[in-house]
Amino acid sequence: MSEEGVNPRRRRLLAITSGLGVVGTVYALTPFVLSMMPSARAKASGAPVEVDISKLEPGQLLTVEWRGKPVWILRRTPAMLKSLTEDNNLLADPASAVTDQQPEYAKNPTRSIKPETLVLVGICTHLGCSPDKRLDAGVASGLGDSWPGGFFCPCHGSKFDLAGRVFKNVPAPTNLVVPPHAYISDTRIIIGADQKGAA
């Protein structure tokens, strides 16, 4: 067909109609595409949390929330640290051999970056209860003379030491989880990101 047989008005109308169709399609698809992206709340719930530990006294425990879970930050005393070496024979996994329970940099006897500061997810590895923080040793805790202090899950009786390591013969199968974390300064920790920035 030659150019002479083409109606210019019809060509413009066809171009305008096609353009409006494309714009309408993009406009109609936008809500569906946006609905597949995570919401601001979802992004925030997985975002790293920065914590100031400057006022945390020896023997004191601070609880913060990360990804909807309680995270404990415990400043251990010299006596608490000493207890970690005394009861290895009572623990199911004293060397933290189950690798997915802590980052590589926390796979040590204190399960921490700095020995005095412990960071743990406060959820029992048995059925997801939140253990009690029974830090005191001995009979005062109600758990007998052999109890060196730590965390006790009243739901089914699981016990963990002051590094979150699970005792033998309890329902919990593994140690408490050490989340990825890093020190921003001597008094600030970021939970949810490690030294490499990975979550």
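This is a predicted model: local features need pLDDT of at least 70, side-chain atom pairs count only at pLDDT 80 or more; totals for chains, interfaces and linings use all residues.
**Close-up 1: Threonine 110 sits in the loop between helix H3 (78–83) and strand E4 (117–121).** Threonine 110 is buried, at a relative accessible area of 17%. Its side chain makes a polar contact with the side chain of serine 112, at 2.8 Å. Leaving aside residues up to four places away in sequence, threonine 110 touches Arg76, Leu81, Leu84, Pro115, Leu118 and Ala163.

**Close-up 2: Three strands make an open, antiparallel sheet in the order E1-E9-E8.** The edges belong to strand E1 (49–52) and strand E8 (181–185), each of which pairs on one side only. On average, and ignoring direction, neighbouring strands in this sheet are turned by 30° against each other.

**Close-up 3: E1 meets strand E9 (residues 188–191) in an antiparallel pairing.** Four bridges hold the count for this pair of strands. For a spot to look at, find glutamate 50, which stands opposite isoleucine 190 in E9.

**Close-up 4: Cysteine 124 and cysteine 153, with no disulfide to show.** The disulfide count comes to zero. Cysteine 124 is in no disulfide, and the nearest cysteine sulfur, that of cysteine 153, is 4.0 Å away. Seen from the other end, cysteine 153 is in no disulfide either, with the sulfur of cysteine 124 as its nearest at 4.0 Å.

Terms used: Residues are numbered from 1 along each chain as its sequence is written. Side-chain values use heavy atoms; hydrogens and water are left out. Helices (H or I, at least four residues) and strands (E, at least two) are DSSP runs, numbered from the N terminus. Buried means under 20% relative accessible area, exposed over 50%, partly exposed in between (1.4 Å probe, protein chains only). A polar contact is a pair of N or O atoms within 3.5 Å; within protein, one must be able to donate a hydrogen and the other to accept it, and residues adjacent in sequence count only if both atoms are side-chain atoms. Contact means heavy atoms within 4.5 Å. Two strands pair if DSSP finds at least two bridges between them. Axes are lines fitted to C-alpha atoms, for helices over the stretch in contact, and angles run from 0 to 180 degrees between N-to-C directions. A disulfide is a pair of cysteine sulfur atoms within 2.5 Å.
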